[in-house]
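Please go through the structure below alongside this briefing. The notes that follow are grouped by topic.

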Amino acid sequence: MNYFVRALLLAGVLVAGGARSVQPLSPADNLTTPAKAELGRRLFYDADLSIDGTMACATCHEQHRGFADGNSTHPGVHGDPARRNVPGLANVAWFKSYTWGDPRIRTLEAQVLVPVLGESPVEMGMKGQEVEIARRLSRDECYRHMFAEAFPKTGGRIDMAAVAQALAAFERTLVSYDAPQDRGAPRDPVAQQGAVLFRRDCVSCHTGVNFTDGRFHNVTGWVSRDRGLGEVSERFADNGAFRTPSLRNVAVTEPYFHDGSAPSLEDALRRHAGVQERDIPALVAFLKTLTDEAFLNDRRFGLPGEACGKRL
Ligand code: HEC
Ligand code: HEC
């Protein structure tokens, strides 16, 4: 058994027949079913979840960029300036907490409320409009059918909780373990050297199959207006600490860092105190072996073309 599969088993993940079929466990109160994930996929691409109908989850989370986007930060529906960079969503099912700075958000179901209802910053602008979301979705016969299929126990009730559960179920299908790095040591000698450097200098934080310890660190030694973990914990020592990002598909999720202030991988590495300039080319070559083309192009994660047998 190779190292990768063993690590997954240790992480409590079901492995049946190799990396491609790795699926995350879903919580007992929101088991993933095909009907629920398909509903979540449609909702993920539906701008009716935003106040003026212009913004879907996918507006900021674009599949071909690993579900990040190409901007430093992405303003919300009212044009309120955002303060943080959009993270990718590969393998989010396995994360211990969500967002760059808040360890209290521990489930994908809870995270959905941040963009939809959040006020600092406003993203989709639906605070106080939960009933409106249900009203909009209920108007559509196909949605009524999809909710009934996904949530037989509640008789297909359409409310914010069901929307969040369906979105979370879809996000749990965003599994990316088919990068060149997952198929063994890189062939390119520069990337091989990068892998060695990575094990020496990076795995203390970018560890495990998703290259993150899920913990919070201040890697630049600098504190800006966004204090990160310090804002939540109110501990001085936590100022400037952000959760170690996963490096899955990192070559396509530029720009980098919690505020999108590093335009390239080279810049992102230079920002880490202690990284040597001469090591950067090899490290970057290694990071490029973490791009999973199959994931970026998998039609099951893209804009759905049809629902209930009809074109959307
Ligand atoms: C306006 C752009 C925008 C929209 C729309 C948006 N997001 Fe995000 N998303 C972000 C940003 C920015 C963050 C990081 C926020 C932070 O760290 O404070 C984020 C974080 C996340 C995370 C946490 C990822 C991690 O690494 O912890 C998930 C999951 C997520 N979004 C899912 C969604 C879903 C589902 C929707 C639709 C309901 C959505 N997002 C809509 C910008 C957006
Ligand atoms: C002390 C823990 C730690 C170490 C060691 C570390 N990193 Fe990081 N890394 C982080 C954190 C935390 C961030 C996010 C910082 C922020 O946004 O302010 C980050 C960000 C990054 C990013 C940007 C990713 C993104 O999506 O924005 C890359 C690329 C990266 N690290 C690669 C590396 C490499 C390569 C090494 C080894 C040379 C390394 N890191 C060493 C913790 C660490």
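**Briefing on the predicted model**

Y256 touches V250, A251, S261, A262, P263, S264, L265 and A268, leaving out residues up to four places away in sequence, where contact means heavy atoms within 4.5 Å. This is a predicted model, in which local features need pLDDT of at least 70 and side-chain atom pairs count only at pLDDT 80 or more, while totals for chains, interfaces and linings use all residues. Residues are numbered from 1 along each chain as its sequence is written, chains are lettered from A and ligands numbered from 1 in the order in which they are written, and side-chain values use heavy atoms, with hydrogens and water left out.

**The loop between β2 and α10**

- Y256 is placed in the loop between β2 (242-243) and α10 (265-271); helices (H or I, at least four residues) and strands (E, at least two) are DSSP runs numbered from the N terminus.
- With a relative accessibility of 7%, Y256 counts as buried, a class that means under 20% relative accessible area, against over 50% for exposed and the range in between for partly exposed (1.4 Å probe, protein chains only).
- Although 185 residues separate Y256 from N71 in sequence, their C-alpha atoms are 9.5 Å apart in space.
- P255 lies in the loop between β2 and α10 as well, and the peptide bond that joins E254 to P255 is cis, with omega about -5°.
- N249, whose place is also in the loop between β2 and α10, has a positive phi of about 60° although it is not a glycine, and at 0% relative accessibility N249 counts as buried.
- As background to these backbone values, most residues other than glycine have a negative phi, and most peptide bonds are trans.

**Packing of α2 against α6**

- Two packed helices are described by the angle between their axes and the distance between the axes.
- Helix α2 (residues 34-44) and helix α6 (residues 141-150) pack at an angle of about 145°, with their axes 8 Å apart; the axes are lines fitted to C-alpha atoms, for helices over the stretch in contact, and the angles run from 0 to 180 degrees between N-to-C directions.
- The crossing of α2 past α6 is left-handed, a term used if the near helix is turned anticlockwise from the far one by less than a right angle, with right-handed used if clockwise.
- On the α2 side the contact is made by A35, K36, E38, L39, R42 and L43, which meet C142, Y143, M146, F147, E149 and A150 in α6.
- The residues of this contact of α2 with α6 divide into eight nonpolar, no polar and four charged, where Ala, Val, Leu, Ile, Met, Phe, Trp, Tyr, Cys and Pro count as nonpolar, Asp, Glu, Lys and Arg as charged, and the others, Gly among them, as polar.
- L39, found in helix α2, counts as buried at 0% relative accessibility, and apart from its neighbours within four places in sequence L39 is in contact with Y143, M146, F147, A150, F151 and A166.

**The disulfide**

- The count comes to one disulfide, taking a disulfide to be a pair of cysteine sulfur atoms within 2.5 Å.
- This disulfide joins C142 to C308, with 2.0 Å from S to S, and the link of C142 and C308 is right-handed, with 90° about the S-S bond.
- C142 lies in helix α6 and C308 in the loop between β3 (306-307) and β4 (310-311), so the pair ties together parts that are 166 residues apart in sequence.
- C142 counts as buried at 14% relative accessibility, whereas C308 counts as partly exposed at 38%.
- Phi of C308, a residue other than glycine, is positive and near 55°.

- H61 has its place in the loop between α3 (57-60) and α4 (108-117).
- Seven of the ten residues of α4 are buried, so α4 is largely enclosed by the rest of the structure.
- The buried residues of α4, which include L108, E109 and Q111, pack against α5 (130-138) and α7 (160-171).
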